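Please consult the sequence and the model shown next.

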Amino acid sequence: DIKRVLAYSTISQLGFMMAAVGLGAYVAGMFHLVTHAFFKALLFLSAGSVIQGVEHGHHHAAHGEEEGEHFDPNDMRNMGGLRTRMKVTFWVYLTGALALAGIPPLAGFFSKDEILADASAENTVVYILLAVAALFTAFYMGRQILMVFFGEARSDAAAHARENPPVMTVPLLVLAGLSIVGGALNLPGVHTLTHWLEHTVHVHASEFNLQVALLSVIFALLAILAAWQLYGRRTLAKGQPDPLRRILGPIFVGMENKW
């Protein structure tokens, strides 16, 4: 479910914020709360745009047996190839996904990196857990982008999907812009948000840690590469089982059934 991927992701990012507060890095937690609002709002609304586009396609397609009353426009397995049919939605979705994955210079890189830098200085175990969480984030967002927008359409609805009107796409473009420049709220060395919050909470200016930043970017890129190896090099075909099912076995089944 395209929205549930984002919903579970939100829980993950709330974990980042709570970890920051637990470490005493209140500004980093607030910073990530604000930037996350930009790119997660963008992703949820963009997911709505995708679902709307697929529903349009479903209504205009010749309904096959598999696309009767049980057709699910939220199911990423019914998508594919939307990059060429919904170009605006694709680019804003990609912007939000890369921001969430922590790719520079997007907003998520600066806020997530600030939390990781504080964790590396305060608690090694927390830092490792957060780094692993960031790795998973980049992987499943890469998986989602590749399943939804790349390859061939895996349903008639996806094959006939169309872009939504400006009343839906213009707000997405605004949020995409905020997801790009939102990191300027608390740039290293400037600390605008830190100085604004110092009047109400006990704060300290986090120092930029180049090693932590480089490692987080490298891990994110490796995770995206792993997603491409599984879902991009050979794009998912209609009816093909998810490659992770073969790799994870019963773990995949457990996650699929929400155990």
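Lys258 lies in the segment after α11 (250-256); helices here are DSSP runs of H or I with at least four residues, strands are runs of E with at least two, and both are numbered from the N terminus. The model is predicted: local features need pLDDT of at least 70, side-chain atom pairs count only at pLDDT 80 or more, and totals for chains, interfaces and linings use all residues. Residues are numbered from 1 along each chain as its sequence is written, and side-chain values use heavy atoms, with hydrogens and water left out.

**Backbone geometry**
- Phi of Lys258 is positive, near 60°, although the residue is not glycine.
- Lys258 counts as partly exposed at 44% relative accessibility; buried means under 20% relative accessible area, exposed over 50%, and partly exposed in between (1.4 Å probe, protein chains only).
- His191, in the loop between α7 and α8, also has a positive phi, of about 55°.
- His191 is buried, with a relative accessible area of 11%.
- Pro104 and Pro105 are joined by a cis peptide bond with omega of about 0°, and Pro105 is placed in the loop between α3 (87-101) and α4 (107-122).
- Most residues other than glycine have a negative phi, and most peptide bonds are trans.

**Loop residue Leu185**
- Leu185 belongs to the loop between α7 (166-181) and α8 (192-197) and is partly exposed, with a relative accessible area of 34%.
- Beyond its neighbours within four places in sequence, Leu185 contacts Phe31, Val34, Phe38, Thr192 and Leu193, where contact means heavy atoms within 4.5 Å.

**Helix packing**
- Helices α1 (residues 2-22) and α2 (residues 26-60) pack at an angle of about 175° with axes 9 Å apart; axes are lines fitted to C-alpha atoms, for helices over the stretch in contact, and angles run from 0 to 180 degrees between N-to-C directions.
- This angle makes α1 roughly antiparallel to α2, a term for angles over 145 degrees.
- The α1 residues in this contact include Leu6, Phe16 and Met17, and those of α2 include Leu33, Phe44 and Ile51.

**Aromatic groups**
- Five aromatic pairs are found in the whole structure, a pair being rings of Phe, Tyr or Trp (its six-membered ring) with centres within 6.5 Å.
- The rings of Phe109 and Phe110 have centres 5.1 Å apart and planes at 75°, so this pair is edge-to-face (planes over 60 degrees apart).
- Both Phe109 and Phe110 are buried.
- One aromatic cluster is formed by Phe90, Trp91, Tyr93, Phe149 and Phe150.

Key. Parallel < 35°, antiparallel > 145°, perpendicular 65-115°, else oblique. Phe/Tyr/Trp six-rings, centres within 6.5 Å; stacked < 30°, edge-to-face > 60°.
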